[in-house]
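Visitor: Hi, I'm new to this one. Could you walk me through it?

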Amino acid sequence: MERFASKVSFAKTQGGCWEWIASKNHKGYGRFDLDGKARQAHRVSWQLFNGRPVPDGLCICHTCDNRGCVNPDHLWLGTNAENNADMMRKGRNNQPKMEASGRSKLTRQDVLEIRALIESGEKTWREMAKSYGVGTSTIGHIKFRRQWRLI
């Protein structure tokens with residue numbers, strides 16, 4: 001408990017969060033080594049203050065939506081579905097879509113061209129995938145509107 005507390009700022013914040021001041025993972029969650037294994041600090045906090053391990057298959061969710069917070073009063077036990085519903089309810093599901101995501105290899109125009117090629121049967125999925133630098137599964141997702149369905 002003492003080692004864990006040494007990595008927390010208990011300074012008064014507007015929301016009452018206890019900020020993790022040690023290392024964090026790429027998503028912004030605190031990292032804490034426990035029993036020789038790197039763990040998420042908010043999960044360790046829940047475990048320390050509740051006196052039991054996090055049950056298998058459950059998440060430790062934040063009421064404050066601050067990934068760096070380890071205040072046990074801000075943490076609650078929930079399923080992945082409950083955590084996702086909480087995210088949606090709070091409007092935190094604002095992931096960029098389509099070409100705005102920055103990860104997309106295709107543009108809106110590319111998708112329109114691919115759909116026209118699919119319709120015409122002019123090229124195989126493999127040929128389209130190669131010319132647009134994507135996998136054949138992406139061509140299928142476009143065809144069946146699993147991706148880029150808004151276009």
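This is a predicted model: local features need pLDDT of at least 70, side-chain atom pairs count only at pLDDT 80 or more; totals for chains, interfaces and linings use all residues.

Visitor: What's the mean pLDDT of the protein chain?

Guide: The mean is 89, and 93% of the residues reach 70 or more. pLDDT is the predictor's confidence in each residue, from 0 to 100.

Visitor: And which elements have the lowest and highest mean pLDDT?

Guide: Helix α3 has the lowest, 89, and strand β6 (residues 75-78) the highest, 96. Helices (H or I, at least four residues) and strands (E, at least two) are DSSP runs, numbered from the N terminus.

Visitor: Let's switch to α5. Which of its residues are buried?

Guide: In α5, residues 125-132, those are Met 128, Ala 129 and Tyr 132. They sit on the same side of the helix because they cover an arc of only 100° around the axis; the arc is that of the directions from the helix axis to the C-beta atoms. Buried means under 20% relative accessible area, exposed over 50%, partly exposed in between (1.4 Å probe, protein chains only).

Visitor: What's on the face turned away from that side?

Guide: Arg 126 and Lys 130, both exposed.

Visitor: And what do the buried ones pack against?

Guide: Helices α4 (108-120) and α6 (136-143), with contact meaning heavy atoms within 4.5 Å.

Visitor: New topic: is His 42 buried or exposed?

Guide: His 42 is buried, with a relative accessible area of 3%. Its place is in helix α2, and among the residues that His 42 touches are Tyr 29, Ile 60 and His 62, leaving aside residues up to four places away in sequence.

Visitor: What about the second largest pocket, what's its volume?

Guide: About 490 Å³. Of its 18 lining residues, the closest to the centre are Tyr 29, Arg 67, Asn 83, Met 87 and Arg 92. On a 1 Å grid over the protein atoms alone, a pocket is an open set of points where a 1.4 Å probe fits, with protein on both sides within 12 Å along at least five of seven lines; lining residues have an atom within 4 Å of a point. The volume is the space filled by probe spheres set on the points, which are joined across faces, edges and corners.

Visitor: Which element gives the most to that lining?

Guide: α3, with five residues.

Methods:
Residues are numbered from 1 along each chain as its sequence is written. Side-chain values use heavy atoms; hydrogens and water are left out.
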